[in-house]
Amino acid sequence: MGSFTAFYLLVLYLVLNAAILCNGGKTSSYVRNIKGCIDMPLESDVFQAPPGYNAPQQVHITQGDHVGKAMIVSWVTMDEPGSNTVVYWSEGSKDKKMAEGKLTRYKFHDYTSGYIHHCNVKNLEFNTKYYYEVGIGQTVRRFWFITPPEVGPDVPYTFGLIGDLGQTFDSNVTLTHYESSPHKGQGVLFAGDMSYADDYPNHDNVRWDTWGRFVERSVAYQPWMWTVGNHEIDYVPYLGEDKPFKPFSHRYRVPFRASGSTSPFFYSIKRASAYIIFLSSYAAYGKYTPQNLWLEKELQKVNRSETPWLIVVVHSPWYNSYNYHYMEGESMRVVFESWLVKHKVDVVFAGHVHAYERTERVSNIAYNITNGQATPVKDPSAPVYITIGDGGNTEGLANNMTEPQPDYSAYREASFGHAIFSIKNRTHAYYSWNRNHEGYAVEADSMWFYNRFWNPVDEPSLSH
Ligand SMILES: [Fe+2]
């Protein structure tokens with residue numbers, strides 16, 4: 001090819017790229033009335049401990065293995081250790097089974113936790129409703145959950161997406177909207193930053209307890225899968241608390257060993273037709289580090305004929321056009337983005353920025369120090385990046401955006417809300433973001449996702 005032809009083709013390529021990317025992102029015109037985000041007071045009804053001596057509280061469940069046949073049940077007792085046993089049975093069965101858990105507790109500065117119980121209930125049947133009881137021998141509380149369908153390529157499944165939730169009045173609205181969503185989320189992918197206890201003097205861990213009681217009404221009945229955020233780090237050397245993630249590690253468990261991970265901060269699960277990879281913005285990710293070595297192998301394990309949908313969840317966004325935490329995710333993007341494009345990840349969910357944003361399918365992986373190619377370009381193999389750090393925590397909204405809106409940004413809005421990712425089959429998933437709008441959940445952004453492996457054609461953008 002002659003150099004003139006090559007130059008002509010290059011110009012044509014750049015013009016086409018620019019044309020594709022310049023169709024204009026949208027900054028929502030909806031302006032939320034910011035009244036301040038105030039934590040609910042300790043005496044709020046959503047924080048009340050259940051009645052009865054040593055009654056289990058802060059009950060929460062998460063997937064306990066790699067495929068969805070196990071569930072980790074966790075709870076806290078305050079008066080004494082009490083029983084570690086979970087009694088469980090499938091709906092309609094009289095055959096009650098028991099599983100035995102383990103106990104832990106911790107001190108944090110002048111705070112001492114209750115007795116924290118974790119029990120991995122294994123060998124469950126797929127797609128089955130189970131009842132379970134904790135507090136055996138004292139105050140017994142009963143809950144239920146439904147296990148996911150067996151892993152397979154066309155199995156429908158609906159995930160909720162919540163991030164940066166906190167425990168304000170706005171957080172309560174977000175959770176209520178998620179619970180009452182007509183899309184009926186069956187499990188939550190949580191994008192990190194849970195209680196915001198570390199915003200209190202001495203990281204008052206009582207606010208970890210209140211958060212556990214607040215979210216119990218959802219997470220005791222459907223699993224929430226955890227990604228750590230910076231508010232889980234709780235690193236306070238001047239208080240003698242020099243081991244990061246101490247409260248989180250005692251209170252929340254994830255099945256990291258089932259995916260060959262050596263750390264609870266990065267792991268994967270399969271659930272129905274999805275393969276979900278949870279990464280940590282706060283564990284080392286450079287070359288030769290455990291997270292880097294694990295992710296490289298992990299991406300090669302994904303079989304899109306079994307799990308067509310490949311989802312990544314991480315706290316700090318790689319594409320973010322707000323003036324908050326701007327470029328904090330950049331170093332991790334540089335390390336990992338090319339792998340996600342190579343393996344055709346469908347979507348990356350992040351939190352951290354307290355607002356909502358969805359990108360076009362773009363990548364920025366051509367840069368090689370000398371070629372100057374450092375601008376995101378349209379890339380059908382790239383994930384859509386979604387920032388969902390809008391749960392409603394005490395730090396308030398991120399409402400200051402970079403201007404003009406970058407071409408990669410398809411839709412952005414400084415409001416609180418939650419999202420739903422509803423997989424229909426191997427080719428289609430319906431996604432919606434639902435704004436907290438004067439007491440109602442209003443679907444403000446949505447799109448049909450076309451699977452990157454089975455249906456890798458351009459998706460129409462349906463921003464409202
Ligand atoms: Fe954060």
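This tour goes through aromatic rings, and charges placed over them, in a predicted model.

Start with the aromatic side chains as a whole. The model holds 36 aromatic pairs. A pair of aromatic rings is described by the distance of the centres and the angle of the planes.

Select Y88 and Y130. Their rings form a tilted pair, with 6.4 Å from centre to centre and 55° between the planes. Now show the strands around them: Y88 belongs to strand β4 (residues 85-90) and Y130 to strand β10 (residues 129-134), so this pair ties together parts that are 42 residues apart in sequence.

Next, select Y319 and Y408. This aromatic pair is edge-to-face, with centres 5.3 Å apart and planes at 65°. Y319 is found in the loop between β17 (309-313) and α6 (330-342), and Y408 in the loop between β22 (384-388) and β23 (409-413), so the pair ties together parts that are 89 residues apart in sequence. Both Y319 and Y408 are buried.

Then select F190, W208, W211, W224, W226, F245, F248, Y252 and F265 together. These residues make up one aromatic cluster.

Finish with two charges. Select R105 and Y115: the charged end of R105 sits over the Y115 ring, 4.0 Å from the ring centre. Select R426 and W454: here the charged end of R426 sits over the ring of W454, at 4.6 Å from its centre.

Methods:
Residues are numbered from 1 along each chain as its sequence is written. This is a predicted model: local features need pLDDT of at least 70, side-chain atom pairs count only at pLDDT 80 or more; totals for chains, interfaces and linings use all residues. Side-chain values use heavy atoms; hydrogens and water are left out. Rings of Phe, Tyr and Trp (its six-membered ring) pair if their centres lie within 6.5 Å; planes under 30 degrees apart count as stacked, over 60 as edge-to-face and the rest as tilted. Helices (H or I, at least four residues) and strands (E, at least two) are DSSP runs, numbered from the N terminus. Buried means under 20% relative accessible area, exposed over 50%, partly exposed in between (1.4 Å probe, protein chains only). A charge sits over a ring if NZ of Lys or CZ of Arg is within 6 Å of the ring centre and within 35 degrees of the ring normal.
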